Amino acid sequence: MEVAGEPIRVQSIADKDLKVAVPPQYIQPPENRPSKLGNGNATDHKIPMIDLRGDRDVNLLCEEIGRACSEWGAFHVINHGVSIPLLDQIRKVGSSFFADLSMTEKLRYACDSNSPASEGYGSRMLVASDDAVLDWRDYFDHHTFPLSRRNPSRWPHSPPNYREVIEKYSDQMKILAQKLLGLISKSLGLSSSFIEDAMGEIYQNITVSYYPSCPQPELTLGLQSHSDMGFITLLIQDNVAGLQVSKNDDWVTVDPVSHAIFVILGDQTEIITNGIYKSAVHQAITNGNRARLSVATFHDPAKTVSVSPAPSLNPPPRYHGVVYGDYVSSWYTKGPNGKRNIDALLI
Ligand SMILES: O=C(O)CCC(=O)C(=O)O
Ligand SMILES: [Fe+2]
């Protein structure tokens, strides 16, 4: 939503005295409205929690990972090797950017609203379509890998340790993503480097999402239902519940566990595993009383890489191969609408 050239951020709407009603562009059609109110209490403990500590039997670990990947496409990991104070630091600097800087200061980092996934401070995920319902979310997207894309001078200068924290976090999350891709490959009887070899150089983006408290959580979504485009997403959230994963046609709210990292399989993992593992459909709901923060770290291939089902996995292939850049363009143009884009590749 652009008014007279001014980019609109949800926070600027939420900060005005609009305590009664949200603007109509943010109201979801009845079929997409959240079933549970974002009151921070609706959590579910059934989502697998996998312990990655080093002395575990690798075969048992792969079995657990395989079950979580085929039943949920998402799971928590603990003892993941990422420093716990670093998880707290990134939540702290992320929320300080949104809460402590003025709108004018934040808009100095505005992303290019005409180009999908451009780096910086934004609010609208999709490129065009004036009639699309808008998400109740602002975000800051950072390009972190390969290192040639990493330019901390484009990231917030305040708080003073912001850029250092993002860099450290990016490095540690890449190591964890590589470890998990190895275990996921192994869990299917593939060589542990199989997925990473198919991916080539890892493209990593870190998106800090900020969902201001919303006067009508029953009518809005923080982030519409989607599956992530790439291979694997590693997500942390603050203590306000809001992330939901789709399971058997129901929405399950993901418990915020401060020391755990939530793993979400993306569409390229579904393709390469020939559908044995499914990408997880998820959404974020809003909260009537509190703002919410999440940090999602995406791991994707280069735009020129083509991804197809691994020949050894349950032939014949069930998906057409796809050039990743084409997949991304279609996703941002048509919108995710749950799994519309990957379903279009089904043979
Ligand atoms: O905020 C969340 O919990 C979800 C974020 C997410 O799904 C995304 O950025 O793709
Ligand atoms: Fe997502």
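Reader: Which residues of strand 7 are buried on one side, and which on the other?

Author: In this predicted model, strand 7 is mostly covered, with 9 of its 9 residues buried. Both of its faces are covered, and the buried residues on one side are Tyr203, Asn205, Thr207, Ser209 and Tyr211, while those on the other are Gln204, Ile206, Val208 and Tyr210.

Reader: What is the order of the strands in the open sheet of 8 strands, and which are the edge strands?

Author: The pairing in this open sheet is mixed, and the order of its strands is 3-4-12-9-14-7-6-5. Each edge strand pairs on one side only, and the two concerned are strand 3 (49-51) and strand 5 (120-122).

Reader: How many bridges join strand 7 to strand 14?

Author: Strands of a sheet pair through backbone hydrogen bonds, either parallel or antiparallel. Strand 7 and strand 14 run antiparallel, and along them tyrosine 203 stands opposite aspartate 300, while tyrosine 210 has leucine 293 as its bridge partner. The number of bridges joining strand 7 to strand 14 is 9.

Reader: Which residue of strand 7 is the bridge partner of tyrosine 139?

Author: Strand 6 and strand 7 also run antiparallel, and 7 bridges join them. For tyrosine 139, the bridge partner in strand 7 is serine 209.

Reader: Which helix lies across strand 6, strand 7, strand 9 and strand 14?

Author: The helix in question runs at about 115° to strand 14, and it also lies across strand 6, strand 7 and strand 9. It covers residues 84-100, and its name is helix 3.

Reader: Which strands each supply at least two residues of the shell around ligand 1?

Author: The residues around ligand 1 include Thr207, Ser209, Gln237, His282, Ala284, Ser294 and Ala296. The shell divides into 5 nonpolar, 5 polar and 1 charged. The strands that each supply at least two of its residues are strand 7 (203-211), strand 9 (232-237), strand 13 (282-284) and strand 14 (292-300).

Reader: What distance separates the end C-alpha atoms of helix 5?

Author: Helix 5 has 26 residues, and at 1.5 Å a residue these should span 38 Å. Beyond the helix comes glycine 189, whose phi is positive, near 80°.

Reader: Is aspartate 249 buried or exposed?

Author: Aspartate 249 is not a glycine, although its phi is positive, at about 65°. Its place is in the loop between strand 10 (243-247) and strand 11 (250-253). Because 5 other C-beta atoms lie within 10 Å, aspartate 249 is exposed.

Reader: Is asparagine 274 buried or exposed?

Author: Asparagine 274 has a positive phi of about 55°, although it is not a glycine, and its place is in the loop between helix 7 (267-272) and strand 13. A residue counts as buried if 20 or more other C-beta atoms lie within 10 Å of its own. Because asparagine 274 has 20 other C-beta atoms within 10 Å, it is buried.

How values were computed:
Residues are numbered from 1 along each chain as its sequence is written. Chains are lettered from A and ligands numbered from 1 in the order in which they are written. This is a predicted model: local features need pLDDT of at least 70, side-chain atom pairs count only at pLDDT 80 or more; totals for chains, interfaces and linings use all residues. A residue is near a molecule or strand if its C-beta atom, placed from the backbone, lies within 6 Å of it. Helices (H or I, at least four residues) and strands (E, at least two) are DSSP runs, numbered from the N terminus. Ala, Val, Leu, Ile, Met, Phe, Trp, Tyr, Cys and Pro count as nonpolar, Asp, Glu, Lys and Arg as charged, and the others, Gly among them, as polar. A residue is buried if 20 or more other C-beta atoms lie within 10 Å of its own, exposed if 12 or fewer, and partly exposed in between; C-beta atoms are placed from the backbone. The expected span of a helix is 1.5 Å times one less than its number of residues. Two strands pair if DSSP finds at least two bridges between them. Two residues are in contact if their C-beta atoms, placed from the backbone, lie within 7 Å. Axes are lines fitted to C-alpha atoms, for helices over the stretch in contact, and angles run from 0 to 180 degrees between N-to-C directions.
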